[in-house]
Amino acid sequence: MDTLQADHNLSNRDLAPVPRSGRTWNMWHLAALWVGVAVCIPTYILASYMIKSGLSWQGSLVIITLANLFITIPMVLNGHAGVKYGIPFPVLGRAAFGIFGVHLPAIMRGLVACGWFGVQTWIGGLAIYSIYTIVTGQPFEQGLSAAKFISFLAFWFINLFFIWRGTESIKRLENFAAPVLILIGILLIVWGYRNAGSFATVLQQSGQLGRPAASWNAAKDAVIIQPVSDANGKNNASEFALLRDMKETAKWQPLMREGATSVPVASSEQKLFVRLRSTDPDGREILSSIQPVQQPAAAAVGLWTYVLWFTAMVGFWATMSISISDITRFARSQRDQVAGQFLGLPGTMLFYSFVGIFVTCAAVIAFRDVLISEDAPWDPVNLVSRFQQPGLVIFAQLAMLIATLSTNIAANVIAPAYAFSNLFPKKISFRMGGVITGLIGIAMCPWLILDSIGNILIFVSGLLGPVVGILICDYFVIRRTRLNIAQLYRNDSEYYYQGGVNYKAIAALAAGVLMALIGKWIPALDFLFNLSWFTGFIVAFITYALLTKPRKFVMEPGDGSEATPIILS
């Protein structure tokens with residue numbers, strides 16, 4: 001086997017091609033990794049929120065399935081080079097963006113992952129804190145506390161343990177987590193079934209999740225109040241109060257025993273709030289949260305709503321589709337990576353989205369203190385907090401820890417670790433890159449900006465479609481899957497372009513991002529922004545193809561599917 005000469009500033013042991021002997025991940029390993037990645041709180045609540053927006057539970061699952069089948073295609077395409085050449089994304093991206101130009105998309109993707117790492121680590125820390133309160137009998141404190149920060153740091157060090165042990169320990173973690181997480185999903189479905197009586201009874205409640213507590217009926221100048229009802233149609237709430245502001249003292253009025261209650265209100269009073277109440281069997285008062293009276297939703301959900309949700313679902317794993325070669329470089333064959341990804345990603349997303357729908361619907365029946373749809377336990381944290389048995393709560397929190405850990409390591413650590421290592425290969429290894437990821441995650445202070453950082457990260461993720469478009473165009477259209485692997489590790493190579501940057505790729509990236517963003521400022525083009533991932537992908541793909549001519553491939557040592565050792569020159 002030939003040996004590749006690499007420049008010191010472009011390679012280290014972690015960035016070098018993985019030899020055949022190191023490619024130990026088969027189809028089931030990759031499928032298990034996707035189970036570990038996809039089982040997380042956002043997956044659990046996706047379909048429930050789609051129902052809340054007006055979609056049926058069947059329509060929600062169809063959109064989730066189709067979108068994840070679709071996004072698996074660029075996953076597989078971008079994963080091809082990882083299998084063929086054994087190289088991670090920062091090295092693969094040198095072919096399109098240049099030896100140094102690749103730092104822009106790599107760091108963009110890496111910083112998004114750092115943000116999510118911080119968020120997920122804080123969530124995992126809260127699970128540890130919850131276990132601590134149960135074991136010690138301490139009350140669960142609202143707001144920030146020293147115990148919560150200690151729990152956060154404890155979970156941070158657990159993540160760092162697997163980072164420091166390397167990719168083989170990550171593979172073992174995902175193999176352990178996958179069957180556990182599938183079992184937990186099944187147990188949650190069993191819990192919902194036992195508390196509702198049948199699958200049909202549970203799923204019939206999904207219609208309640210899509211309706212607000214109160215909405216205007218303009219034709220009658222009235223407010224329509226719709227409490228959550230049990231399986232027999234009896235309302236969980238018995239009284240309501242209309243409030244002109246959040247602090248007004250409630251004046252309670254009786255609700256209909258079944259169905260909606262219509263309350264005449266002057267049309268001038270457009271800013272009203274509603275609160276419902278009931279009593280438990282022991283006579284204790286149960287209060288709902290205070291909710292604004294909403295404008296009535298459209299009678300039917302249009303095609304555009306489905307398109308927007310489809311786009312959102314595709315953007316859900318947009319960042320992973322960029323850096324998937326970081327993982328597929330350890331796969332044994334193209335067949336393993338294709339089958340593993342198609343088996344693991346769409347199937348897991350469909351299964352756990354159904355779990356989220358089923359359990360949330362069952363909770364509406366099981367918990368009589370849920371008076372309005374807005375207070376339903378949409379996420380597993382809320383659900384677990386309602387369980388009374390300490391052992392069950394601890395088990396559930398441990399399950400949440402496993403789910404959060406497996407997602408965090410695979411989705412939010414591997415990519416930035418390679419990105420930071422690629423910046424300074426002589427000084428930063430994969431391990432050190434993972435530590436830097438963890439430190440940036442702390443520096444982003446997720447405990448302070450948990451909600452706002454989530455919105456920012458989702459926004460940025462949607463703008464990474466152009467990077468995927470350029471990578472796929474360059475590898476399949478321009479180079480027809482043939483790379484000069486030796487030159488990817490040398491400064492004096494065809495991938496140096498102009499000063500280490502391919503400005504054609506940068507121009508295509510700028511065009512894709514601009515077209516994806518322009519609708520944010522020009523109302524007539526807002527559809528481009530709403531479809532940002534597709535807009536950016538298509539524009540960048542076409543722009544790069546027009547700017548770049550197909551390359552003639554020249555055979556060099558180390559070409560082909562057999563990755564070769566790297567010697568630093």
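Modeller: A residue is called buried when its relative accessible area is under 20%, exposed when that value is over 50%, and partly exposed in between, with a 1.4 Å probe and only protein chains considered. The model is predicted, so local features need pLDDT of at least 70 and side-chain atom pairs count only at pLDDT 80 or more, while totals for chains, interfaces and linings use all residues. Residues are numbered from 1 along each chain as its sequence is written, and side-chain values use heavy atoms, with hydrogens and water left out.

Let us begin with Leu-46, which belongs to helix H2, covering residues 41–52 (helices are DSSP runs of H or I with at least four residues, strands are runs of E with at least two, and both are numbered from the N terminus). Because its relative accessibility is 10%, Leu-46 counts as buried. If we set aside the neighbours within four places in sequence, Leu-46 touches Ile-64, Met-313, Phe-316 and Met-349, where contact stands for heavy atoms within 4.5 Å. Trp-378 is 332 residues away from Leu-46 in sequence, yet their C-alpha atoms are 9.4 Å apart in space.

Just after H4 comes Gly-98, whose phi is positive, at about 100°.

Cys-445 sits in the loop that joins H17 to helix H18, the latter covering 450–462, and, because its relative accessible area is 26%, Cys-445 is partly exposed. Helix H17 itself spans residues 430–443 and contains Arg-431, which counts as partly exposed because its relative accessibility is 37%.

Further along, Tyr-497 likewise has a positive phi, of about 50°, although it is not a glycine. Tyr-497 is placed in the loop between helix H19, at 465–478, and helix H20, at 503–517, and it is partly exposed because its relative accessible area is 22%.
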